[in-house]
Amino acid sequence: MSEQKAAEPKRWELGPESEYRFEVDPGVSLAIKLVQGHAEIFGFELAEGKVYLFGFECKAALYTWKGCVIEISEPSTEYISDETPMRTYANLHIALEQMRVRALRQIRGSPVPSHDTSKSDPPRVLVLGPEHSGKTTVCKILTNYAVRSGQGWSPFLVNVDPSEGGWAAPGAISVAPVYGPIPTASPANPLGTAATTAPVSLSSNALLPLAYWYGHSETKKNPLLMDRMIRNLGENVNDRFELDPEGRASGLIVDTPSSFATGPAANNHRHKLIKACIDAFKISMIVVVGHEKLNVEVQRTYGSLLSVVKIPKSGGVVEVDYSYRERVRNYEMHTYMYGQVIHPPAGITNATLGGENLTDLVLSPSSTVINFGDLHIYRVGSDAMAPSDALPVGAARTVSEMQPVLVDPASPGSGLLNAVLALLAPPNHDENERYDEEVLDLTVVGFLVITNIDIPKRKMTVLAPNRGSFIGRTAVIGSYEWQDQ
Ligand SMILES: Nc1ncnc2c1ncn2[C@@H]1O[C@H](COP(=O)(O)OP(=O)(O)OP(=O)(O)O)[C@@H](O)[C@H]1O
C-alpha cells in the first residue's frame, strides 16, 4: 500500500466573535491545532498547541471571543462566519448562573440582599426547537459554560431524544451529571464519552450516565412508554438532588427531540410529553430555539407557570438528511462496541480526541454463545402496534402498549437477529416486591447485539463490549438493528 502523503497544513486567522465552521467528509478525519489565542468548540475550550481530531462526518464550529490563529490538517467543507448567536447564548448562561447563585444562597440559608426579590429556583431548563435548530448544541454550550465557570457547578444534562441516544445507544434516554467540559469530536457521542462503554473509567472526562430503554427513534411509536421513561428518569434525578442539596443548585438542562416542537398544536402526545418533562424535572424555564410560532404557543400554554425564553438559531447548524442520521446511528453503535477510533490524517502524530490520548479510547467487544434460556428477552407492547387513535371505535388492544411480552428466540418471527438489546439492571431481589411491568422501570446497564441464532441447537451469539455473564439476565428488544461491517 502506498504511504498517504501529508497535506500542507492550512492557517486561518479568526477575528473576535467569529467562528470557523467545518464538516468532515465520510471516511476521513480532520486535525485542528490552536496556534495562538483562545478558542472553543461548543463551549469546550481548546488548549494552545494541542492537536484535536474530528471524524465520523463531524460537523461543528470553532468559536473565538477575542480572535485566534488555527492550523487545519486538510481542508474539508469549511468557512468563517462572524454572524453568530453566541452573545445571546452567553447572556442566557449569565442569567442561569445568577439563578444558581441565588439557589445556593437559599439552600445554605445565607442572607439575601434586600433589593433582590427574584425567585430562588435553580435553573431547570427544557430546550425546545424544531429539527436542525441546534438544540443539542445549545444544551452542550450552556452545560460547558456552567462547568467552566469555576464555581464548582455540576449540572445534570438530560437527553430525552431517543433517536440520538446521548451517551448510550440510540433508543435510550439518559441523564448524567457533568463535571468537566464536554468535547465534540464525532456525532457518535455528541454529549461526550460515557464510562459505561469502557471497562473502567477510561478518559478523564468520562461521564456516568443513567439510562432507560425506550427502544425506538420516534416518540410517537409508543408515547405512553416514553412518558413513563421520562418520569422514571425524573424520579432518579430528584432522588439524587435530595441526597445532595447543594448539587441541586447547579440545575439541569434537558435536550428534547424535534417531535416535541413540531406538528399540529392539537397533537396530544407532543403536549403530554412536554408536560411529562415539566413535571418530572420540575422545569423552571423553557428555552425555545429559533421558532416564533412555537415560542408563542409555549408562552400561551406555560408562560404563566414558568419563564419562557426565545433564543435565535445559529446559521451554522447543518440540516442533515435521513441517510446521514442512519450513518450516525451506525457510528454510534460502532463506537459503543469498539470505542472512539478516529485515525489521524497523514503526517499527524500527536493528535488527541477532545484532549484524550487516542489509544485510551479503544475497546474490543467479544462474542459469546449462550443458550436460548440464559437470557430473558422482552418486547414492550406488540411490535406491529398501530397508534391507539387508529384503532376502530370501541376496539381494545390485545397487547397493551406497556406490557412486556417474553420473546421466544426459537420463533422464526422473533426479530432477534441483528437486533440491538438493552441489558437491564437486576430486578428486585425480594419476590414480594416484583410486579408485571417491572421491566419498564429497570435501568440499562449495557447493550448487546444478537449476531447469530442457531434454532436446532437452541443457541445464539451475543456481541457486547463487557464480558459479564448473561445467564439469568433480562434484556429488552426495540426496533433498532445493527450489523458489524
Ligand atoms: N454553529 C455551527 N456551525 C457548524 N455546525 C454546527 C453549528 N451548530 C451546530 N452545528 C452542527 O449541526 C448539526 C445539528 O445540530 P444539533 O444536533 O445541535 O441540532 P438539533 O436541533 O439538536 O438536531 P435534531 O433535529 O437532530 O434534534 C450538528 O452536527 C451540529 O454539530
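What distance separates the centres of domain 2 and domain 3, taken over C-alpha atoms? In this predicted model, the two centres are 29 Å apart. The contact between these domains draws 18 residues from domain 2 and 17 residues from domain 3. On the side of domain 2 that touches domain 3, the elements giving two or more residues are β13 (210-213) and α3, and by class that side has ten nonpolar, seven polar and one charged residues.

| Domain | Residues |
|---|---|
| Domain 1 | 10-82 + 328-353 |
| Domain 2 | 85-106 + 119-311 |
| Domain 3 | 366-386 + 398-481 |

**The ligand shell**

The ligand is surrounded by 19 residues, of which the closest are Ala 61, Lys 135, Thr 136, Thr 137 and Gly 316. Two or more residues of this shell come from each of the elements β7 (59-64) and α2 (135-148). When the shell is divided by class, five residues are nonpolar, nine are polar and five are charged. Because domain 1 and domain 2 both give residues to the shell, the ligand lies between these two domains.

**The five-stranded sheet**

An open sheet is formed by five strands in the order β5-β4-β7-β2-β9, with antiparallel pairing. The edges are taken by β5 (44-45) and β9 (77-81), each of which has a single partner strand, so one side of each is left without a neighbour in the sheet. For β9, pairing with strand β2 (residues 18-23) is antiparallel and runs over five bridges; within this pairing, Arg 21 has Tyr 79 in β9 as its bridge partner. The strand β7, which contributes to the ligand shell, stands between β4 and β2 in the order of the sheet.

**Helices α3 and α4**

Two packed helices are described by the angle between their axes and the distance between the axes. The axes of helix α3 (residues 223-243) and helix α4 (residues 268-280) come within 9 Å and cross at roughly 10°, which means that α3 is roughly parallel to α4. From α3, the residues Pro 223, Met 226, Asp 227, Ile 230, Arg 231, Leu 233 and Gly 234 take part in the contact, and they meet His 269, Lys 272, Leu 273, Ala 276, Cys 277 and Ala 280 in α4. Divided by class, the residues of this contact are eight nonpolar, two polar and three charged.

Conventions. Residues numbered from 1 in each chain as written. Predicted model: local features only at pLDDT ≥ 70, side-chain atom pairs only at ≥ 80, totals over all residues. Axes fitted to C-alpha atoms, helices over the stretch in contact; angles between N-to-C directions. Helix = DSSP H or I, 4+ residues; strand = E, 2+ residues; numbered from the N terminus. Parallel < 35°, antiparallel > 145°, perpendicular 65-115°, else oblique. Contact = placed C-beta atoms within 7 Å. Nonpolar A, V, L, I, M, F, W, Y, C, P; charged D, E, K, R; others polar. Domains from an automatic or database assignment. Near = placed C-beta within 6 Å. Pairing = 2+ DSSP bridges.
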